[in-house]
Amino acid sequence: RFTTNPALKPFLPPKKPFLPPKKPFLVPKKPKSKSFFSETELQKMAIMGEVWTNIGSAVASLVFIYTIFERFFPYHLRENLEPLVQRFINLFYPYIQIKFFEYSGERFERNDDYATIQNYLSKDSSSRAKKLRANTSKGSKSIVLSMDDHEEITDEFKGVKVWWQSKKHQTDSRSISYFPKTEESRFYILKFHVRDRHVITNRYLDHIRKEGKKMEVKNRERKLYSNNPSQNWSGYNQTKWSHVTFEHPATFDTLAMENEKKEEIKNDLTKFSNSQDYYKRIGKAWKRGYLLHGPPGTGKSTMVAAMANFLDYDVYDLELTTVKDNTELRRLLIETSGKSIIVIEDIDCSLDLAACGGERIIVFTTNFIDKLDPALIRKGRMDKHIEMSYCGFEAFKVLARNYLYAEEEEHEAKETCLKRLIVALKEEKEEAKKRVEEEEKKKEKEKDIKRKRRDDQREKKEDI
């Protein structure tokens, strides 16, 4: 009734228009994306992320503490605490490390073990390491490739895995100079598991030394030595032996000798080179004597060169005419090195070779074995006798192959090969005669020309 009263209309709120009720607004749901990981895997990844975060913060804290320790703690306190810290680390670190420095003791003396390890690792380094360093040493015939600084390679021995690292340490030089210098010291680190300590220390290190020595001998430049007269031994930079590079091309393949005999000699040389333990067990010097006997020109010197090339040995040519007595002979033999052949040509007297060291072959040559003293050629002094006689058919075929490239075919008879060889030799002989005749004709012409010049000069003088 109040609303119908016109007097109250100004005091009442205006009427709102009627609107239908609004429907709730629905947001469309996004489709769930498919994940490559399951919920358990995501939880594990989250846990691992937290673990690595904690490890990173722990490492950063340790680095900060170590920096403060190095900078502000006095040296004598650090010296006492470092062994304790190292012991604590060794409780959880299962590996052992061995360092091999390039220079040991005095700075100017190179460590032999470092060079041996370098030669041993050269093969694996050249095939596995990504950064290599080329080394050229005096007396080496080839370049040795070794791993560069901060490189690492692995090696296995008897089922044991080891790691080799090449390291370099730089220190400031204390020398007084306007320009500061840094000294570099290189070293190898051998790392292996603690359970393999016995194998490494008792067997692997010896294996490295033996194989490294073999590589060094293989890469070295072999030499031919000759003894100097005793009056030249004294004085500055004087030695008992002078040497040149040994470059003789003779091998057992090119040696004119029966194949069975060559194989017998090669097997004997190989057996000797691998018999170090045998000679050590029986208490005998590691050396062997060979006697090469036969007419002159039958290849005794070529046999020595083939033996040296087969074993990669040096050659010492001992000239007895310059040796006064046994004292000088002993001094010469002491100066010889291992892996060598000592050659004494035209032997005709007994010699004292007791001063000769190990891994040496002594070769005696003679043209007349019947004239030698039986005590000189007995077993133990000259262990193996090799007769160098005139060649038979087998040796003749080797000569034909070497000089004339003649190969015996299966369907050809031996007589045919000999005939071909004789014809070729005759032709070569005739050509040699022609060359000699031509040279003689040239000489005669030159003599005639000189004679004419002399006659002309005499006539001119007479006219004057």
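V217 lies in helix α4. Helices here are DSSP runs of H or I with at least four residues, strands are runs of E with at least two, and both are numbered from the N terminus. The model is predicted: local features need pLDDT of at least 70, side-chain atom pairs count only at pLDDT 80 or more, and totals for chains, interfaces and linings use all residues. Residues are numbered from 1 along each chain as its sequence is written, and side-chain values use heavy atoms, with hydrogens and water left out.

V217 counts as buried, at 17% relative accessibility. Buried means under 20% relative accessible area, exposed means over 50%, and partly exposed is in between (1.4 Å probe, protein chains only). V217 pairs in space with D312: their C-alpha atoms are 7.4 Å apart, across 95 residues of sequence. D312 sits in the loop between α7 and β10 (314–318). D312 is not a glycine, yet its phi is positive, about 60°. Its relative accessible area is 26%, so D312 is partly exposed.

## The largest pocket

Helix α4 also matters to the count of pocket residues: eight residues of the lining of the largest pocket come from α4, the largest share. The pocket holds about 780 Å³ of space. Of its 21 lining residues, K214, S273, W286, K339 and E359 are the closest to its centre. At least two lining residues each come from α4 (197–219), α6 (276–282) and α7 (300–311).

What is the make-up of the lining, in nonpolar, polar and charged residues? Six are nonpolar, four are polar and 11 are charged. Ala, Val, Leu, Ile, Met, Phe, Trp, Tyr, Cys and Pro count as nonpolar, Asp, Glu, Lys and Arg as charged, and the others, Gly among them, as polar. A pocket is found on a 1 Å grid over the protein atoms alone: it is an open set of points where a 1.4 Å probe fits, with protein on both sides within 12 Å along at least five of seven lines, and lining residues have an atom within 4 Å of a point. Grid points are joined across faces, edges and corners, and the volume is the space filled by probe spheres set on the points.

## Salt bridges

The structure holds 15 salt bridges. Each is a side-chain nitrogen of Lys or Arg within 4 Å of a carboxyl oxygen of Asp or Glu. One of them joins D113 and R209, with the closest N and O atoms 4.0 Å apart. D113 lies in helix α3 (residues 112–128) and R209 in helix α4, so this pair ties together parts that are 96 residues apart in sequence. Both ends are partly exposed: D113 has a relative accessible area of 32%, and R209 has 38%. D113, D206 and R209 are linked in a network of salt bridges.

E264 and K384 form another salt bridge, at 3.0 Å from N to O. E264 is in helix α5 (residues 259–273) and K384 in strand β13 (residues 384–387), so the pair ties together parts that are 120 residues apart in sequence. Is each end buried or partly exposed? E264 is partly exposed at 44% relative accessibility, whereas K384 is buried at 13%.

## The β3–β4 loop

D148 and R133 meet through their side chains in a salt bridge of 3.8 Å, N to O. D148 is in the loop between β3 (144–147) and β4 (152–157), and R133 is in strand β2 (residues 132–135), 15 residues apart. R133 counts as buried, at 19% relative accessibility.

H150 is in the loop between β3 and β4 too. Its phi is near 65°, a positive value in a residue other than glycine. H150 is exposed, with a relative accessible area of 53%.

L269 is placed in helix α5. At 0% relative accessibility, L269 counts as buried. The C-alpha atoms of L269 and F310 are separated by 8.5 Å, and the two residues are 41 apart along the chain.

## A nonpolar patch

I47, M48, V51, W52, I55, V59 and V63 make a nonpolar surface patch of about 660 Å². Patch residues have over 30% relative accessible area and no salt bridge; like charges are joined within 9 Å, and nonpolar side chains (Val, Leu, Ile, Met, Phe, Trp, Tyr) within 5 Å. Accessible areas come from the Shrake-Rupley method with a 1.4 Å probe, and for residues only the protein chains shown count as cover.

V59 is in helix α1 (residues 39–72). V59 is partly exposed, with a relative accessible area of 43%.
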